Every structure is written in structure tokens, then in C-alpha cells.
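Subject: Structure for your review

Dear colleague,

Please find the structure below, together with its sequence. A short account of the findings follows it.

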Amino acid sequence: MTDAKVKYNDYDGFARSYARDNEISPYNDLYERPAILSLAGEVAGLRVLDAGCGAGAHAAELIAHGAAVTGVDLSAGLLALARERLGPGVPLLQADLSRPLPFPGGAFDLVLSSLVMHYLEAWEPTLREFARVLAPGGRVVLSTHHPFMDMRISGSDDYLGTYAYTDAWERGGRTMTMRFWHRPLRAMLAAFRDSGLTVEDIVEPDPLPEAAEIAPDAYRGLSRRAQFLLFALRA
């Protein structure tokens, strides 16, 4: 099969099986999700853009803690599941995060973007949009692939490069071809600087302690090898 015929990142094709796995996977439920929500801090009363909201797991937590959430995602299938979960009162829009966002400047106090940036070849256009839609002093919290994880999956020894690689995911009895972009930490920091965002914190999270009993294999791995990298940024 030629590259032109491969459908990468087909979340519409496996939305429900992906969402089900995301809900219970220790890498999400006991690692990334609690880490990024902790980084977000107190959200009561904040206007939050969930950028890449998927099926709504993070949005549900934010709403439960008092945030007014708007969600955007590229996948219509995942947005439909988010609507089932969140109900009709939460604004959910289909949007491509590599393009301008359909919101006025200063519309949000916080942008949360969970495990999205590694799908993008260029970070600056997206980050500039995040900065634009933030009110003065607003924050971005985001998680992305740790570059060392990229190297493990891709088999590359090129840490300093920026390049695409693929992975195969098994979901719902199907093999899905995923494409991600590796970039080193220095490229991430340069993108933040060039987008007018100041780094407040960089987090390599630990799994929750209860993962040791619930998912011991994942706990051992995550306690030794960082899977994701998190940032808190200030506009």
C-alpha cells in the first residue's frame, strides 16, 4: 500500500473503541489525565477551551470542578460521543487545530490540550491561536508525547530532528495506522517563545500510586520511562 492510500489517525473509524480504551487505560486514567488536571489547578469559574476534547473525559472533570467548558475536536465521531457524555449544554465544535480557531480574542481563561500537539507538524500556528483566544494572563496547559517515547516507538536514534513516524494501534479488533511528529525539547521551547507564551512549568509525571496495584506492569514502566511531557504556559 502506498503512503497516499493510508488513512492516518482515523478516529472517526474507531471512535467508540478508542474512547472506551481511553477511559480505562492506566496511561490515561492513572497517568496523563490526573497529571494535566493537576497542572490546570483550580478551574472553578474559569472559561476553559478543551482543545482536542475527544470523547469528553477531561471536559467532564473540568465541568465537575466548576469550569465553563467549550470543546473542539477534529473528529466528528469523538464529538458525538462527547455530546452523549456532556449533554446539550456544553458547546462542542468541530475544528482543525492547525487552522484559526472560531473564537474571538480573549474568549477563554484557560486552554487545556491533552495529547494533541504530537499530531501537528508545526506547533507555532496552533500555539499562536491559543495565545490569541486567551484573556490577558490566561494559561495553556498541554500534554504531548515525551520525545524519548517517540524514539522508542519509531526506532530512530535522531533525538534532535523533527520528523514524522507511524505506529500501529489495535482497537476494537482493527489495526489503525497512527502518524505522529517527533520534536526535541529545544524545538518545543522555541515554539512557545515564538508564539508569545512563557513557560511556567515542565512536568514529567509519575503514575498515581494506586496504579502499582491496578496495573503493575504499566506502573513499573511509567516509573522508569516517561511517556508524556506536560507544560504550563502563560500568555
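Gly87 comes directly after helix H4 and has a positive phi, near 85°. Helices (H or I, at least four residues) and strands (E, at least two) are DSSP runs, numbered from the N terminus. The model is a predicted one, in which local features need pLDDT of at least 70 and side-chain atom pairs count only at pLDDT 80 or more, while totals for chains, interfaces and linings use all residues. Residues are numbered from 1 along each chain as its sequence is written, and side-chain values use heavy atoms, with hydrogens and water left out.

At the start of H4, a side-chain oxygen of Ser75 comes within 3.3 Å of the backbone nitrogen of Gly77. H4 itself spans residues 76–86, and its buried residues are Leu78, Leu79, Leu81, Ala82 and Leu86; buried means under 20% relative accessible area, exposed over 50% and partly exposed in between, with a 1.4 Å probe and protein chains only. Viewed down the axis of H4, these residues fall within an arc of 160°, so they line one face of the helix. The arc is that of the directions from the helix axis to the C-beta atoms. Helix H1 (15–24), helix H3 (57–64), strand E2 (68–73) and E3 are what the buried residues of H4 pack against, contact meaning heavy atoms within 4.5 Å.

The sheet is open, with 7 strands in the order E3-E2-E1-E4-E5-E9-E8 and mixed pairing; two strands pair if DSSP finds at least two bridges between them. Strand E3 (92–94) and strand E8 (198–203) are the edges, each with a single partner strand, so one side of each has no neighbour in the sheet. From one strand to the next, the twist averages 15°. E8 runs antiparallel to strand E9 (residues 228–234), joined by 5 bridges, and Asp201 stands opposite Ala232 in E9. Helix H7 (residues 185–194) lies across strand E5 (134–145), E8 and E9, at about 20° to E9. Axes are lines fitted to C-alpha atoms, for helices over the stretch in contact, and angles run from 0 to 180 degrees between N-to-C directions.

Finally, Thr126 belongs to helix H5 (residues 124–133) and is buried, with a relative accessible area of 1%. Not counting residues up to four places away in sequence, Thr126 touches Leu97, Ser98, Met117 and Leu120. A polar atom of the Thr126 side chain lies 2.6 Å from the backbone oxygen of Leu97.

Yours sincerely

Conventions: A polar contact is a pair of N or O atoms within 3.5 Å; within protein, one must be able to donate a hydrogen and the other to accept it, and residues adjacent in sequence count only if both atoms are side-chain atoms.
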